[in-house]
Amino acid sequence: MDGQVLWFAARSSGMVSLLLMTATILLGILGPLRVGSASWPRFALAGLHRNISLLTVVLLLVHVVTIALDDYVPITFADAVVPFVSQYQPMWLGLGAISFDLILALIVTSLLRSRINLRLWKNIHWLAYLSWPIALAHGIGVGTDSTGAVGLVIAGLCVAAVLFAVVVRIIKRDRPPIDFAPPKPAPATKPVAAARPAPEPVRRPGEFSAPTR
């Protein structure tokens, strides 16, 4: 495969992976608030979180494979999983390897969720929140596009979005679930029938009613 194609594939997959990881973190932070609407029920948001997480893993694998196959820089497959052993920028690549290992641990334990302790699984699941800032630091430190205007803007937006979600989580944590669905209309009430006038007494022939004052 052409080296330029591999290089662009590695750069683009790394940038998109960061965006998808940010989306996964946002859904994970806001998930306990049980945000929902009429068009996006809460179970759909949970499914979206799972699907974006799987897509993130796929793009991370593409990122690792293309980086290792490209001979522009001396990066091997071992450098992607073993921290701080690379000959090329070991510090920043080591951070990327740590983030990748944390995500792999998260995936493996999720597949074995029914066979491991629930508390252990939850503790490992928290590693996803730790992998995001490490991956962000890795991208800024080693990415050739991360220090440019576009890369810095994307990184800044990702950080701002996560911070905003954290603030919303803190403010709304003790409040009822957020539901953006329109309120249901009130049930229709049957019209109250008008009271019928009392029937007049039947008079016999030649009988007159007493005059009223």
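Q: What is the handedness of the crossing of α1 and α6, left-handed or right-handed?
A: The crossing of α1 and α6 is left-handed, a term used if the near helix is turned anticlockwise from the far one by less than a right angle, with right-handed used if clockwise. Before going on, note that this is a predicted model, in which local features need pLDDT of at least 70 and side-chain atom pairs count only at pLDDT 80 or more, while totals for chains, interfaces and linings use all residues. Residues are numbered from 1 along each chain as its sequence is written, and side-chain values use heavy atoms, with hydrogens and water left out.

Q: And at what angle do the axes of α1 and α6 cross?
A: They cross at roughly 150 degrees and come within 10 Å, where axes are lines fitted to C-alpha atoms, for helices over the stretch in contact, and angles run from 0 to 180 degrees between N-to-C directions. That makes α1 roughly antiparallel to α6, given that angles under 35 degrees count as roughly parallel, over 145 as roughly antiparallel, 65 to 115 as roughly perpendicular and the rest as oblique.

Q: Which residues in α1 and α6 meet?
A: From α1 there are Leu18, Met21, Thr22, Ile25, Gly28 and Ile29, and they meet Ala128, Tyr129, Ser131, Trp132, Ala135 and Leu136 in α6; contact here means heavy atoms within 4.5 Å.

Q: How does α4 pack with α6?
A: Helix α4 (residues 90–111) packs with helix α6 (residues 127–142) at an angle of about 155 degrees, and their axes are 8 Å apart. That makes α4 roughly antiparallel to α6, and α4 passes α6 in a left-handed crossing. Among the residues that make the contact are Trp92, Leu95, Ile98, Leu102 and Leu106 of α4, together with Leu127, Leu130, Ile134, His138 and Val142 of α6.

Q: Stepping back, how many helices and strands does the chain have?
A: The secondary structure comes to 7 helices and 0 strands, where helices (H or I, at least four residues) and strands (E, at least two) are DSSP runs, numbered from the N terminus. Of the contacts in the chain with a separation of 6 or more, 66% are accounted for by residues 24 or more positions apart.

Q: What share of the chain is buried?
A: Buried residues make up 29% of the 213 residues in the chain, with buried meaning under 20% relative accessible area, exposed over 50% and partly exposed in between (1.4 Å probe, protein chains only).

Q: On to aromatics, then: how many aromatic pairs are there?
A: The count comes to 2 aromatic pairs, under a rule by which rings of Phe, Tyr and Trp (its six-membered ring) pair if their centres lie within 6.5 Å, and planes under 30 degrees apart count as stacked, over 60 as edge-to-face and the rest as tilted. The rings of Trp7 and Tyr72 have their centres 5.3 Å apart and their planes at 45 degrees, so this pair is tilted.

Q: Why does the Trp7 and Tyr72 pair tie together parts that are apart in sequence?
A: Trp7 lies in helix α1 (residues 3–30), whereas Tyr72 lies in the loop between α2 (42–69) and α3 (77–81), so the pair ties together parts that are 65 residues apart in sequence. Trp7 counts as buried at 19% relative accessibility, whereas Tyr72 is exposed, at 63%.

Q: What about Trp126 and Tyr129?
A: Trp126 and Tyr129 form a tilted aromatic pair, 5.1 Å centre to centre, with 40 degrees between the planes. Trp126 is exposed, with a relative accessible area of 56%, and Tyr129 is partly exposed, with 26%.

Q: Which ring does the charged end of Arg113 sit over?
A: The charged end of Arg113 sits over the ring of Trp121, 4.0 Å from its centre; the criterion is that NZ of Lys or CZ of Arg is within 6 Å of the ring centre and within 35 degrees of the ring normal.

Q: Last topic, backbone: what is the phi of Phe84?
A: Phe84 has a positive phi of about 65 degrees although it is not a glycine, and Phe84 is found in the loop between α3 and α4. Gln89 lies in the loop between α3 and α4, and its phi is near 45 degrees, a positive value in a residue other than glycine. Phe84 is partly exposed, with a relative accessible area of 45%, and Gln89 counts as partly exposed at 30%.
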